[in-house]
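Subject: Structure for your files

Hello,

Here is the structure for you to look at. My notes on it follow below.

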Amino acid sequence: MTTDHVPDELWERIAPLLPKRPARRKRHPGRLPVPDRVALAGIIYVLRKGVAWRDVPSEVVGCSGVTAWRRLRDWTEAGVWPRLHEALLTKLRAAGSLDMDDAAIDSSYIRALKGGAHVGPSPVDRGRPGSKHQVIVDRLGTPLAVSLTGGNWHDVTQLIPLLNAIPRIRGRRGRPRNRPKRLFADRGYDYDKYRRLPRQRGIKPVIARRGVVHGSGLGRTRWVVERTFAWLHEFKRLRIRYERRADLHQGLLELACSIICLRRLRRSF
């Protein structure tokens with residue numbers, strides 16, 4: 001993998017968001033830093049292949065895994081990934097490829113092999129330590145917001161935080177859009193409080209009822225969020241959590257969401 005493996009459309013959108021490095025010293029400047037685009041290729045290599053950072057082939061990628069990890073750390077701390085995701089959502093809305101009238105929310109459990117923040121004993125995996133990917137998507141399955149929580153966190157606790165995490169998406173005349181008209185969810189979100197809170201924001205909750213036989217019909221609308229999880233888990237680094245630092249795994253998760261948005265943007269032209 002070289003910089004050729006970082007699509008021009010992605011690089012053009014991420015380059016202005018990257019923090020500027022301090023000027024090199026005139027005396028004893030040291031080695032030239034690895035170009036940012038090469039480091040991004042290393043990050044994407046790990047995200048796609050799922051290899052350990054130490055196993056990144058520098059002769060293929062163009063830099064060591066340690067260098068790629070350091071850039072991931074620096075760019076995560078600089079807030080690059082959520083701004084990249086927002087920029088691509090704006091482009092999608094401008095292209096008429098974002099349908100926010102309907103949204104769906106769900107979670108997916110993953111094992112966490114090295115512990116860290118946002119890890120908890122999973123009730124569905126014999127108490128093994130794990131985390132959850134929580135995501136809210138538009139009617140077409142485009143990820144609007146994503147978060148990382150402990151494996152023992154109840155999904156309903158992330159309903160309001162995920163709604164709050166949807167950025168104010170521009171791209172069309174008028175006010176930016178940051179809330180759907182209807183929110184679809186499974187019976188795990190069936191609590192009176194969490195029906196009331198979206199209504200207070202002008203959002204109609206469409207949530208399956210607990211204790212009712214399966215066949216609510218919501219699957220015709222909610223299947224898009226399951227497909228989005230399939231897209232996310234095509235990135236092998238997201239199938240199991242290896243990063244102890246929750247913010248770094250969150251950064252990879254947001255980068256994957258941005259790549260999904262980029263794919264949808266390509267199909268819109």
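Which residues of the largest nonpolar core touch the most other members? They are Trp81 and Ile136, in a core of 72 residues. A nonpolar core here is a set of buried Ala, Val, Leu, Ile, Met, Phe, Trp, Tyr and Cys residues joined through side-chain atoms within 4.5 Å. Helix 9 gives the most to this core, namely eleven residues. Neighbours within four places in sequence aside, Trp81 has contacts (heavy atoms within 4.5 Å) that include Ile14, Leu40, Leu72, Trp75, Gly251 and Leu255.

This is a predicted model, in which local features need pLDDT of at least 70 and side-chain atom pairs count only at pLDDT 80 or more, while totals for chains, interfaces and linings use all residues. Residues are numbered from 1 along each chain as its sequence is written, and side-chain values use heavy atoms, with hydrogens and water left out.

On confidence: the protein chain has an average pLDDT (the predictor's confidence in each residue, from 0 to 100) of 90, and 91% of the residues score at least 70. Among the elements of the chain, the highest mean pLDDT, 97, belongs to helix 4, and the lowest, 88, to helix 8 (residues 219-232). Helices (H or I, at least four residues) and strands (E, at least two) are DSSP runs numbered from the N terminus.

Salt bridges come next. There are 17 in the structure, each being a side-chain nitrogen of Lys or Arg within 4 Å of a carboxyl oxygen of Asp or Glu. For accessibility, buried means under 20% relative accessible area, exposed over 50%, and partly exposed in between (1.4 Å probe, protein chains only).

Glu77 counts as exposed because its relative accessibility is 53%, whereas Arg245, at 30%, counts as partly exposed.

Arg139 and Asp99 form another salt bridge, at 3.7 Å from N to O. Arg139 lies in the loop between strand 3 (129-138) and strand 4 (143-150), and Asp99 in the loop between helix 5 (80-94) and strand 1 (102-112), so this pair ties together parts that are 40 residues apart in sequence. Both are partly exposed, Arg139 at 47% and Asp99 at 22%.

In the salt bridge of Asp190 with Arg195, the closest N and O atoms are 2.9 Å apart. Asp190 is buried, at 7% relative accessibility, and Arg195 is buried at 6%. Elsewhere, salt bridges with shared partners join Asp99, Asp102, Arg139 and Arg182 into one network.

Lastly, a loop residue. Asn178 is located in the loop between helix 6 (159-165) and strand 5 (182-185) and is partly exposed, with a relative accessible area of 23%. Its C-alpha is 5.6 Å from that of Ile166, although Asn178 and Ile166 are twelve residues apart in sequence. Leaving aside neighbours within four places in sequence, Asn178 is in contact with Met100, Leu163, Ile166, Pro167 and Arg168.

Regards
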